[in-house]
2 protein chains.
Amino acid sequence: MGEVNRQILLDRLPAGDKLGPEHFRLTESAVPSAGEGEVLLRTRYISLDAANRAWMQGATYRSALEGGQVMAGGALAEVVQSNVGHLKPGDTIFADTGWQDYAVLPGKQLEKLPPMEPMTHLMSIYGIAGLTAYFGLLECGQPKAGETVVVSAAAGSVGSIVGQIAKIKGCRVVGIAGGEEKGRWLTEELGFDAAVDYKSPEFKRLLRAEVPDGVDVYFDNTGGAVFEAVLFAMKNFGRIACCGALSQYDGAPPPHGPRGIPGLIVTKRLTLRGFVVMDFDDQREAALKDLQGWVASGQLKVQEDIVDGLENTPAALIGLLAGENRGKRMVKVR
Amino acid sequence: MGEVNRQILLDRLPAGDKLGPEHFRLTESAVPSAGEGEVLLRTRYISLDAANRAWMQGATYRSALEGGQVMAGGALAEVVQSNVGHLKPGDTIFADTGWQDYAVLPGKQLEKLPPMEPMTHLMSIYGIAGLTAYFGLLECGQPKAGETVVVSAAAGSVGSIVGQIAKIKGCRVVGIAGGEEKGRWLTEELGFDAAVDYKSPEFKRLLRAEVPDGVDVYFDNTGGAVFEAVLFAMKNFGRIACCGALSQYDGAPPPHGPRGIPGLIVTKRLTLRGFVVMDFDDQREAALKDLQGWVASGQLKVQEDIVDGLENTPAALIGLLAGENRGKRMVKVR
């Protein structure tokens with residue numbers, strides 16, 4: 001095809017240290033061709049998620065990453081060449097293309113996405129972030145109007161949607177995020193009732209002050225000290241949706257877990273439920289319809305944080321792990 | 001009434017140390033009389049439970065105990081004098097009489113129990129122990145035939161029933177208990193498929209060997225290191241019924257919780273649910289009917305461990321916390 005395929009390799013796995021630019025390497029190869037049953041894809045927008053980092057720590061819901069391979073990651077991509085009947089050039093799909101300009105994948109499990117303007121919404125509100133927020137909050141959290149909902153990593157791709165859906169459902173919503181500026185953004189722009197800065201030395205006291213009667217539903221994106229603080233503030237019969245453990249991905253795994261487990265689970269009769277968005281695939285259509293309605297009515301604001309250029313993908317992920325994004329971060333490849 | 005009322009006082013609260021005889025004191029007072037709306041009760045069998053110790057650590061589902069008061073505890077008791085219409089002398093009730101020969105309580109919330117031979121079954125299989133096992137396993141654990149169920153404190157009042165019910169439901173059952181002798185009792189007498197000794201230095205390896213495909217349902221009575229070991233052995237979509245934290249009641253509270261929280265909850269999509277038996281009061285009749293049927297058919301063996309004499313109640317509790325009982329421990333007062 002004349003062009004080259006730029007690829008970002010995960011050159012070596014971080015060994016208990018923080019992820020840095022030195023773990024990645026940009027390389028170039030020839031643009032591949034699609035074989036039998038395969039499709040050639042041109043990457044348009046690469047999704048950046050804390051999960052990218054978690055995959056480097058070992059097997060999760062997918063096998064662990066290894067050093068030397070193209071860095072794994074989901075992306076919106078355009079079909080360039082297709083050897084399967086259900087896809088044709090120009091179609092948009094979402095797949096684990098990895099961090100590269102072009103990828104060849106088996107076509108069988110790929111699914112054509114509907115036209116969308118802007119197409120990035122397919123990866124934010126109508127993609128994994130939106131559906132994760134929707135199912136985690138509504139299925140695992142089971143919030144009722146008037147209840148208090150707390151969400152951590154509240155300014156992130158998932159958290160910012162969780163809080164807005166909880167508001168739509170009539171809950172009092174407290175977001176936990178790093179720094180006062182993010183807090184103001186959550187309350188002033190997204191309609192959260194309050195925000196608490198987990199970086200404050202007064203974090204626990206500030207949290208308790210915002211949830212004087214306790215927490216009914218906690219959507220946990222972080223684990224660690226934030227998880228523990230909210231656990232101690234839970235009400236009887238509270239629900240905790242366990243979505244991720246952002247605080248624990250970038251560095252050595254913590255030697256211990258939060259205090260109060262399982263004692264507080266018993267005395268407060270809590271339910272903790274872990275989930276992965278794929279578990280709810282059979283309910284996706286109904287969820288998308290709800291999300292579309294809320295976006296159309298202006299009740300749900302779509303927050304996207306778009307970084308330009310494939311070469312900037314490592315820095316974009318490193319920055320995401322440091323909490324610099326607001327809403328769904330992605331890299332525009334072309 | 002001429003008689004004295006022997007009372008065991010919780011003389012002082014253990015302050016981070018293990019519970020010992022020095023924390024209790026036997027005293028005597030006059031037998032009280034029932035006032036308006038009250039009943040005078042004669043204690044027959046005092047229930048001994050890890051919960052007695054948990055109450056000394058702070059507020060749980062009941063307020064914390066204080067030093068100097070009669071030690072709290074549930075008991076089967078006989079009505080001696082009644083100033084309420086629904087109870088008459090000779091009736092049997094279960095109430096928090098405390099550790100004493102006689103107690104005066106408001107009659108309103110007391111409920112006459114059906115005749116039962118032996119009456120101790122009202123406190124073991126048809127009492128809190130049996131109902132806790134039933135609801136915790138079936139409601140929180142949701143075991144299906146063919147699944148693997150693990151229960152800790154398996155030789156205790158609740159655990160020994162949990163394992164037997166899981167067998168009735170067609171599960172493979174592995175009990176965790178201290179010492180080989182208890183293990184033999186579980187497999188040879190109660191029909192458990194296997195038992196693992198948590199005191200063995202090889203505990204984790206032994207556990208993994210008995211659950212090669214992982215654990216579907218874990219009924220946790222202990223918390224701590226045993227909880228952590230089973231957590232790491234859970235299968236995807238496994239359920240953990242959190243019933244208590246026996247390992248953490250007698251001594252200082254642990255400085256940390258188990259590792260893998262919340263990371264493993266997410267990646268394995270686990271559900272952890274804490275419960276207290278009172279939460280299921282509305283389903284009690286149906287549960288008792290099931291339990292009675294299983295006892296009548298011989299599928300469920302009732303295990304009682306009866307210590308004689310009120311004066312031996314402190315030692316009986318201390319021994320229970322050290323794991324010396326098999327099945328439901330109680331003290332026969334008279």
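Strands here are DSSP runs of E with at least two residues, helices are runs of H or I with at least four, and both are numbered from the N terminus.

This is a predicted model, in which local features need pLDDT of at least 70, side-chain atom pairs count only at pLDDT 80 or more, and totals for chains, interfaces and linings use all residues. Residues are numbered from 1 along each chain as its sequence is written, while chains are lettered from A and ligands numbered from 1 in the order in which they are written.

**The strand pair.** Strand S12 of chain A is joined to S12(B) by three bridges, and the two run antiparallel. Pairing requires at least two bridges found by DSSP.

**The interface.** Now show the residues where the chains touch. Chain A gives 31 residues to the contact and chain B gives 31. Contact means C-beta atoms, placed from the backbone, within 7 Å. On the chain B side, helix H7 (263–267) and strand S12 (271–274) are the elements that give two or more residues. That side divides into 14 nonpolar, eleven polar and six charged residues. Of the interface residues of chain B, 100% are also interface residues in chain A, so the copies meet through the same surface.

**One chain.** Chain A holds nine helices and 14 strands. Its C-alpha trace spans about 65 × 45 × 35 Å along the principal axes. Buried residues make up 52% of its 334 residues; buried means 20 or more other C-beta atoms within 10 Å of the residue's own.

**The core.** Bring chain B back and select residue 230. A:Val230 and B:Val230 have the most contacts inside the largest nonpolar core, which has 200 residues. Such a core is a set of buried Ala, Val, Leu, Ile, Met, Phe, Trp, Tyr and Cys residues joined through C-beta atoms within 7 Å. Beyond four places in sequence, B:Val230 touches B:Val150, B:Val215 and B:Tyr218.

**Last stop.** Select B:Val196, in strand S9 (residues 194–197) of chain B. B:Val196 is buried, with 27 other C-beta atoms within 10 Å. Its contacts beyond four places in sequence include B:Val174, B:Ile176 and B:Phe203.

Definitions and conventions. Buried ≥ 20, exposed ≤ 12 C-beta atoms within 10 Å, placed from the backbone. Contact = placed C-beta atoms within 7 Å. Nonpolar A, V, L, I, M, F, W, Y, C, P; charged D, E, K, R; others polar.
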